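Keep the viewer open as you read.

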Amino acid sequence: MLVLGVESSCDETSVSIVRDGKEVLSNVINSQIKIHEKFGGVVPEVASRHHVYQVTMVFEEAFKVANVKPEDIDLVAVTYGPGLIGSLLVGLNAAKTFAMMYNKPIIGVHHLAGHIYANAIEHDMKFPAIALLVSGGNTELIYMPDHFNFQIVGETLDDAVGEAYDKVARVVGLPYPGGPHVDRLAHEGKDTYHLPRVYLDDGSYNFSFSGLKSAVINLHHNAEQRKEEININDLCRSFQDSVTEVLVRKTLKLAKEKNVKNIIVAGGVSANKGLKERFMEEGKDFNISIPSIKYCTDNAAMIAVAGYYQNKVFPNKYDDLSLNALASLDLEDTYKNK
Ligand code: KG4
């Protein structure tokens, strides 16, 4: 089965063709990072305009690389939320136009389901599973008794992990998006600043990162005022150790409690080397899957794969051309009510 995936929820225009939920024939990604870098973050208006410029070329390239014809596609899977509304609409309308032109079935895919199913490309997902979803907008621990059954067990009470990474990076003068830069410098430094580990003492699986972020900002600010030298590598390492320790230990605790067969790590921050290393070190007794870096950040292959499984779990539940983009979309409810 050939699935065409389309993703445009933020600042990546991406189209992919995947065979049988596994074999990625093409995964073309046009990233706008360079464009938004000078603003220190994604500017929604600019993002949607660039999606419009790029989308047809990205479609063409995806077919060229995969060496398949539009007529060969069996199903169109497209991100319809959550995300930036102007950005989502571009990919969604392109996907609907394709579906209409070639008379193909279309299904809307939740962006976060896409991140989780990125793992199915290189690993076999085993259930029950838990997913740690860490991105620029989300930090969630999700229990999955089976395919497309998402039960949120814990979430951030304030900042998402990726957001905290990006803010810390900005304060210490690193470019946007800051996560990969902090990760890189952390590997050159030591945990000398001993920043707080926020476990929350309510026994919940929730997270909080705003206190940690403020601790880094204050430390940097006070040092500047006192004209003291800060070791940026050590600060990045201290921040990263604090974040990854809490993420990994809470995830492993839940995995034990639920006796899961698979721990799935997903979202942009799953590209973090420190997180991966800690999972491998502390989670030796668990079956942990983390996607390759190219499938961690936004891409359409993950949407095609999620679409493939969504179609298996909810057969013939196609959308029609009235499918609309939604800036906010709850993961649990989306699939509970199908
Ligand atoms: O999933 P994603 O591509 O976009 C959404 O938020 O949906 O995630 C982007 C986030 C950014 O905050 C970026 O800084 C972070 O993922 N990120 C990383 C790394 N690579 C990307 N954070 C920490 N370490 C990394 N290596």
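The ligand takes up the space of the largest pocket. A pocket here is worked out on a 1 Å grid over the protein atoms alone, as an open set of points with protein on both sides within 12 Å along at least five of seven lines, given a 1.4 Å probe; a molecule sits in one if more than half of its atoms lie within 2 Å of its grid points. Helix 4 (111-117), helix 6 (161-171) and helix 7 (179-186) are the elements that give two or more residues to the shell around the ligand. Helices are DSSP runs of H or I with at least four residues, strands are runs of E with at least two, and both are numbered from the N terminus.

Before going on, bear in mind that this is a predicted model, where local features need pLDDT of at least 70, side-chain atom pairs count only at pLDDT 80 or more, and totals for chains, interfaces and linings use all residues. Residues are numbered from 1 along each chain as its sequence is written, and side-chain values use heavy atoms, with hydrogens and water left out.

So where does the ligand lie relative to the domains? Domain 1 (2-117 + 296-336) and domain 2 (125-290) both supply shell residues, so the ligand lies between them. The domain bounds come from an automatic or database assignment.

In total, 19 residues surround the ligand, and the closest are Gly136, Asp166, Asp183, Gly268 and Asn272. Being near means having a heavy atom within 4 Å.

Now for the polar contacts (pairs of N or O atoms within 3.5 Å). A polar side-chain atom of Asp183 is 3.1 Å from a ligand nitrogen, while the side chain of His115 puts an N or O atom 3.2 Å from a ligand oxygen. Gly268 uses a backbone N or O atom, 2.9 Å from an oxygen of the ligand.

Finally, look at the backbone. Gly81 and Pro82 are joined by a cis peptide bond, with omega about -10°, and Pro82 is in the loop between strand 4 (75-81) and helix 3 (85-102).

Technical notes
A polar contact is a pair of N or O atoms within 3.5 Å; within protein, one must be able to donate a hydrogen and the other to accept it, and residues adjacent in sequence count only if both atoms are side-chain atoms. On a 1 Å grid over the protein atoms alone, a cavity is a set of points where a 1.4 Å probe fits but cannot get out, and a pocket is an open set with protein on both sides within 12 Å along at least five of seven lines; lining residues have an atom within 4 Å of a point.
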